Amino acid sequence: NAARPASDLGSGSGPGGAPALKPYDLADVVAGLNAVQPYDWAGFLSERLHSTSARAPLGGIEHSGWKLVYDGERSDFWKAVEDAEKLADLSYSVGLKVKDDGAIADIAFAGPAGKAGVSPSTKVIAVNGRQFTATELREAIDRAVKDTKPIELLIKDGEYYKTYRLDYHGGERYPHLVRDGDTTDLLTQII
């Protein structure tokens, strides 16, 4: 590797051969991508970088022959994770994960518990006036499907107790991928 003259160092050098900062913008990236493969790269990148959606991007799953559905059945995997972590993951129903001892591990802030003001790092003491157990909470969620009354949680936060009312009547919900028979099953082929 023989030393090259400063004039051959390329566009990375500035005046007098010192390094120079040469920023680029989105238009430069789009031009570079279009030089390799013509496409609407500006639209593609804008959609993925500058937009938001209420749901996760599911295009890859849906185009591979599957769809995401929610129902009241916990999968064997879901149960195994709950058992291993010693918690009830009710993120998609009342919007919380609660440990077997009542400690709230996490809250879905847009879920019913979060909207009611329940916060993580607190503890569920009672559900509808009965001592907390994960089973009691699940049964209260199931009963609320046919009952218009909110689910009441007595929460301990440090030395303070407060009752929160969750206006939720949708039953337990868990995500599942199910086969969409109208499209080719590419996901199984990939796996």
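Predicted model: local features only at pLDDT ≥ 70, side-chain atom pairs only at ≥ 80, totals over all residues.
S3 belongs to an open sheet of 3 strands, put together in the order S2-S3-S4 with antiparallel pairing. S2 and S4 stand at the edges with a single partner strand each, so one side of each has no neighbour in the sheet. From one strand to the next, the twist averages 5 degrees. As a general point, strands of a sheet pair through backbone hydrogen bonds, in either a parallel or an antiparallel way.

Taking the pairings in turn, S2 and S3 run antiparallel over 4 bridges, and Asp89 has Lys97 in S3 as its bridge partner. These two strands make a hairpin with 5 residues between them, and Gly95 in the turn has a positive phi of about 85 degrees. S3 and S4 also pair in the antiparallel sense, over 3 bridges, with Leu96 standing opposite Ile107 in S4. In the hairpin of S3 and S4 there are 4 residues between the strands, and here Gly102 takes a positive phi near 95 degrees.

Two helices come up against these strands. Helix H4 (residues 76–85) packs on the sheet and touches S2 and S3, its direction making about 135 degrees with that of S2. Helix H6, for its part, lies across S2 and S3 and runs at about 20 degrees to S2.

H6 turns up again in the largest nonpolar core. That core has 25 residues, and Leu137, Ile151 and Leu153 are the ones that touch the most other members. Two or more residues each come from strand S2 (87–90), strand S3 (96–99), strand S4 (104–107), strand S5 (123–127), helix H6 (134–143), strand S7 (151–157) and strand S8 (160–166). H6 gives the largest share, 4 residues. In general, nonpolar side chains of soluble globular proteins tend to be buried together.

Leu153 shows how these elements meet. Setting aside neighbours within four places in sequence, Leu153 is in contact with Leu96, Val124, Ala126, Val127, Leu137, Lys162, Thr163, Tyr164 and Leu166.

Not counting residues up to four places away in sequence, Val124 touches Val98, Gly102, Ile104, Phe132, Leu153, Leu154 and Ile155. Gly102 among these is the glycine with positive phi in the hairpin of S3 and S4. Val124 and Ala103 are 21 residues apart in sequence, yet their C-alpha atoms are 6.3 Å apart in space.

The Arg138 side chain makes a polar contact with the side chain of Glu172, at 2.9 Å. Leaving out residues up to four places away in sequence, Arg138 touches Arg74, Glu82, Ala88, Leu90, Glu172 and Tyr174.

Finally, a few words on backbone angles in the loops. Most residues other than glycine have a negative phi. Ser121, however, has a phi near 65 degrees, a positive value in a residue that is not glycine. This serine lies in the loop between helix H5 (112–116) and S5, and Ser121 is exposed, with a relative accessible area of 70%. Asn128 also has a positive phi, of about 50 degrees, although it is not a glycine. Asn128 is found in the loop between S5 and strand S6 (130–131), where it is partly exposed, with a relative accessible area of 33%.

Definitions and conventions
Residues numbered from 1 in each chain as written. Heavy atoms only, no water. Core = buried A, V, L, I, M, F, W, Y, C linked by side-chain atoms within 4.5 Å. Buried < 20%, exposed > 50% of the residue type's maximum accessible area, 1.4 Å probe, protein only. Contact = heavy atoms within 4.5 Å. Pairing = 2+ DSSP bridges. Axes fitted to C-alpha atoms, helices over the stretch in contact; angles between N-to-C directions. Polar contact = N/O pair within 3.5 Å; in protein donor to acceptor, adjacent residues only side chain to side chain.
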